[in-house]
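Welcome! Please open the model in your viewer and follow along, one selection at a time.

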Amino acid sequence: MSIETAVPENDVQDTQLITAQEAAKLIEEGALLIDVRSEGGRASTGAVPGAVVVNREHVEEDFSPESAHRLTQVSGTDQKIVVFCGSVNGSRPVAQKLQILGYANAVHVDGGFPALRDAGVPTTGPTAPPVEPAPPVESAQASTDSVASER
């Protein structure tokens, strides 16, 4: 059974969810900080220095005690780990996978990166300008309709 099928879809209570203030304290105490946002997300909103960037699709490879590719920053399953994303929707599945892998002290942050920044956790960036939405393109039919209504 893979971890994907072992993670419950609808937990009644998310016991791994912590506030940004609680996360800031754990980070200050030396918890391993895991950023599961995309490169674009980090570039457009900023980053936390010292956070380890992990692809959500590689959690088993990066953290499994048996993996030959386990991250060097991982010291053992008793390690305190704080996972964050842009929201709990990205961090919850990763924290759940870590718990299934045996990391009993894996938690994730309510409010994600913005909440960590607001709680005073040092951040950098953004490194890319925010993406501006494109102006609406007027269709040819709309132009024809407006010309016809003017007649």
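Start by selecting residues 32–35 and 81–84: these are strand 2 and strand 4, which run parallel and are joined by 4 bridges. Click on Leu32 and look across to strand 4, where Ile81 is its bridge partner. Keep in mind as you go that this is a predicted model.

In what order do its 5 strands lie? The order is 1-5-4-2-3, the sheet is open, and the pairing is parallel. Color 17–18 and 52–53 to see the edge strands, strand 1 and strand 3, each of which pairs on one side only.

Next, select residues 88–100, which form helix 5. Helix 5 packs on the sheet and touches strand 1, strand 4 and strand 5 (106–109). Compare the directions of helix 5 and strand 5: they make an angle of about 175°.

With 13 residues at 1.5 Å a residue, helix 5 should span 18 Å, and its end C-alpha atoms are 18 Å apart, so the two agree.

Which residues of helix 5 are buried? Show Val88, Gly90, Ser91, Val94, Ala95, Gln96, Lys97 and Leu98 to see them.

Two backbone details come next. Most residues other than glycine have a negative phi, and most peptide bonds are trans. Just after helix 5, select Gly102, whose phi is positive at about 110°.

For the last stop, go to Pro126, in the loop between helix 6 (112–118) and helix 7 (140–150). The peptide bond joining Gly125 and Pro126 is cis, with omega of about 5°.

Definitions and conventions: Residues numbered from 1 in each chain as written. Predicted model: local features only at pLDDT ≥ 70, side-chain atom pairs only at ≥ 80, totals over all residues. Heavy atoms only, no water. Helix = DSSP H or I, 4+ residues; strand = E, 2+ residues; numbered from the N terminus. Expected span 1.5 Å × (residues − 1). Buried < 20%, exposed > 50% of the residue type's maximum accessible area, 1.4 Å probe, protein only. Pairing = 2+ DSSP bridges. Contact = heavy atoms within 4.5 Å. Axes fitted to C-alpha atoms, helices over the stretch in contact; angles between N-to-C directions.
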